[in-house]
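Work through the exercises below with the sequence and the 3D structure at hand. Try each task before reading its solution.

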Amino acid sequence: MSFREHFLPHSHPEILGHHQRGKLLHAPALASYLLFLSALLFTFSIFRTSLPGVLGFATNINLADLVASTNSERAAHGLNALKVNDQLSQAAAAKAAYMFKYNFWAHVAPDGTTPWYFITTAGYDYRYAGENLARDFGDSAAVVAAWMNSPSHRENMLNPNYTDIGFAAVNGTLDGYETTLVVQMFGKPLTPNYLANIPVQSLQTEAPPAKEPAPETAPAPAVKPEEPPKLTIVPLDNSPQAGTLLVESVPAVDVASAARGITITLGLFLTILFAIDGVYAWRHHLLRLSGSTLAHLVLLVLAMVGIWYTNVGVIV
Amino acid sequence: MRLVHYSVLAFILLLGGILFLRFQYYPSYQFLIVVGTVLGYVLWGVSYHKSESRFLRRVILEYLLLGFVVILMFAAALNIRL
């Protein structure tokens, strides 16, 4: 077997007059790429749980940047700037701590605890309130961009009813993996003029329970959320203040970059092999019994473009 | 006939691409969209090669293996926990 048979089509040993692809595109070779990718996924999974400092997600979240980016988006839409409110930031920090403690990732906890509970327990009596969540983003700008790209989160970001904002970005372990959670809470304090009517702007993706105040479009009587027992909000030592808190995580190997680099390299390798194979067969008018090279090429190119634009960050 | 087949393939991949972009920031949904698109791709391969009278087990195996490679590439890039 010559070296060029690994890359170029060559005669089929069993079917006279037919050619087959280069050996690097034969079924055993494709199966070995599958094994390689499986091993990669397994390695990422094992190292991320056992050695997060070696293999994890690089994070650089600056709360001042989050506030500035949020207000910049609001200014671009002719809206008032939001003021950082310590109570909302405490509520956000408490919500993040609660998610880590009870291992969930949602607006409403499995035990029914809602975002409004954290806000009121922090001492912030709201007329309007909202919450945005994000996890596993690399930097502040990406978090705000993700929220702006989601209609429900964008509605929160650009809601003219809000006057205050609070943030928390906290590193911890969720589902066994090192994770950075970002909690953004919005509010407008209750004033005496509005005591008879306390609607809540709830823009979470899942519908709030029936006991929750109704959305602004359907004002409800002044009902405060029912509070679950025994949750004390303890202000964090590093209580989030605009401009002072940087949440950073710098593992030896950033999983997101490594995975993207390796998979795109493999995709490029296969694309080049199929392109060489296709051009060679076309120029030499070879008869072959194989899949459509054009279709494979289109699939691989689309996959590489898709992977290039993937983002491991999640919002809810 | 080939034009029809390749138009169907273009539709499958285009739909997958649009849905993939639509669900940006929801990696789990994106991964399901990739799996669905690859499934459509393999079925397209079966249909195309049947119509061309070149329906062989090793040809379909090629589509399946390449499809799985693409799925695992996305699983790694999207940080999907299998």
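**Exercise 1: a lysine in chain A**

The side chain of Lys95(A) reaches the backbone oxygen of Ala106(A) at 3.3 Å. The model is a predicted one, in which local features need pLDDT of at least 70 and side-chain atom pairs count only at pLDDT 80 or more, while totals for chains, interfaces and linings use all residues. Residues are numbered from 1 along each chain as its sequence is written, chains are lettered from A in the order in which they are written, and side-chain values use heavy atoms, with hydrogens and water left out.

Task: state in which helix Lys95(A) lies, whether Lys95(A) counts as buried or exposed, and which residues Lys95(A) touches.

Solution.
1. Lys95(A) is part of helix α3 of chain A, residues 86-101. Helices here are DSSP runs (H or I, at least four residues), strands likewise (E, at least two), numbered from the N terminus.
2. Lys95(A) counts as buried because its relative accessibility is 0%. The cut-offs are under 20% relative accessible area for buried and over 50% for exposed, with partly exposed in between (1.4 Å probe, protein chains only).
3. Leaving out residues up to four places away in sequence, Lys95(A) touches several residues, among them Phe104(A), His107(A), Glu131(A) and Met185(A). Contact means heavy atoms within 4.5 Å.

**Exercise 2: strand β7 of chain A**

Task: find how many residues of β7(A) are buried and which strands pair with β7(A).

Solution.
1. Strand β7(A), residues 164-174, has eight buried residues out of 11.
2. β5(A), residues 83-84, pairs with β7(A) in the parallel sense over two bridges; pairing requires that DSSP finds at least two bridges between the strands. Here Lys83(A) has Asp164(A) as its bridge partner.
3. β8(A), residues 177-189, pairs with β7(A) in the antiparallel sense over 11 bridges. Gly166(A) stands opposite Met185(A) of β8(A).
4. Two residues lie between the strands of this hairpin, and Asp175(A) takes a positive phi near 55°.

**Exercise 3: chain B against chain A**

Task: say how many residues are in contact between the chains and which residues form the salt bridge.

Solution.
1. The contact involves 35 residues of chain B and 51 residues of chain A.
2. The count of salt bridges between the chains is one, formed by Glu62(B) and Arg21(A), whose closest N and O atoms are 2.9 Å apart. The rule asks for a side-chain nitrogen of Lys or Arg within 4 Å of a carboxyl oxygen of Asp or Glu.

Key. A polar contact is a pair of N or O atoms within 3.5 Å; within protein, one must be able to donate a hydrogen and the other to accept it, and residues adjacent in sequence count only if both atoms are side-chain atoms.
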